[in-house]
Amino acid sequence: MLRVGERVRHEISALLARGEIIDPLLETVTVTVPEVRMTPDLKLANVYVMPLGGENAEDVVEALNAHAKFIRGRVTPALDLKYAPQFRFFVDQTFDEYGRIDALLRSDRVQRDLAPRDDEDDKE
């Protein structure tokens, strides 16, 4: 599943980089594909995308889902699979999660807990 997901990710990224999808919104934005998760039967691919800068992410996903059949027709021949997977596009939330975790780690409460304690210095 991981190997096929990675191949699908590369093929969709290449398709988007070439600008083969004729859509006014997709022509003006650069879209990254950080992850593709395949179902165990390899018939469904959940494609997580994020436009550069994160602007209009929902609109970009909506446009990609509208062109999912076209994308499927372009990507499937390069995959050499028994079945052509269906593509479902979603906004990638991991960038927001990374930012939230980073802010949490930099907070005063966490920094206070990471600082050396006074009783540890006395023992040395």
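In which loop does D80 lie? D80 lies between α4 (68-79) and β3 (86-91). Helices (H or I, at least four residues) and strands (E, at least two) are DSSP runs, numbered from the N terminus. The structure is a predicted model, in which local features need pLDDT of at least 70, side-chain atom pairs count only at pLDDT 80 or more, and totals for chains, interfaces and linings use all residues. Residues are numbered from 1 along each chain as its sequence is written, and side-chain values use heavy atoms, with hydrogens and water left out.

D80 has a phi near 60 degrees, a positive value in a residue other than glycine. Its relative accessibility is 71%, so D80 counts as exposed. The classes are buried (under 20% relative accessible area), exposed (over 50%) and partly exposed (in between), with a 1.4 Å probe and protein chains only. L42 is a further non-glycine residue with positive phi, again near 60 degrees. L42 sits in the loop that links β1 (31-38) to β2 (44-51). At 23% relative accessibility, L42 is classed as partly exposed.

The largest pocket has a volume of about 170 Å³. A pocket is an open set of points on a 1 Å grid over the protein atoms alone, where a 1.4 Å probe fits, with protein on both sides within 12 Å along at least five of seven lines; lining residues have an atom within 4 Å of a point. Grid points are joined across faces, edges and corners, and the volume is the space filled by probe spheres set on the points. The lining is formed by S13, L16, A17, G19, E20, I21, L26, E27, V29, T30 and V31. Two elements, α1 (2-18) and α2 (24-27), each give two or more residues to this lining. The top contributor is α1, with 3 residues. By class, the lining holds 6 nonpolar, 3 polar and 2 charged residues. Here Ala, Val, Leu, Ile, Met, Phe, Trp, Tyr, Cys and Pro are nonpolar, Asp, Glu, Lys and Arg are charged, and the others, Gly among them, are polar.

S13, one of the lining residues, belongs to helix α1. S13 is partly exposed, at 24% relative accessible area. Its C-alpha atom is 9.7 Å from that of V49, 36 residues apart along the chain.

Helix α3 (residues 57-66) buries A57, V60, V61, A63 and L64. Seen down the helix axis, these buried residues fall within an arc of 160 degrees, so they line one face of α3. The arc is that of the directions from the helix axis to the C-beta atoms. Exposed residues E58, E62 and A66 are carried on the face turned away from the buried side.

F95 lies in helix α5 (residues 94-105). F95 is partly exposed, with a relative accessible area of 43%.

K43 lies over the face of Y83, 4.3 Å from the ring centre. A charge sits over a ring if NZ of Lys or CZ of Arg is within 6 Å of the ring centre and within 35 degrees of the ring normal.
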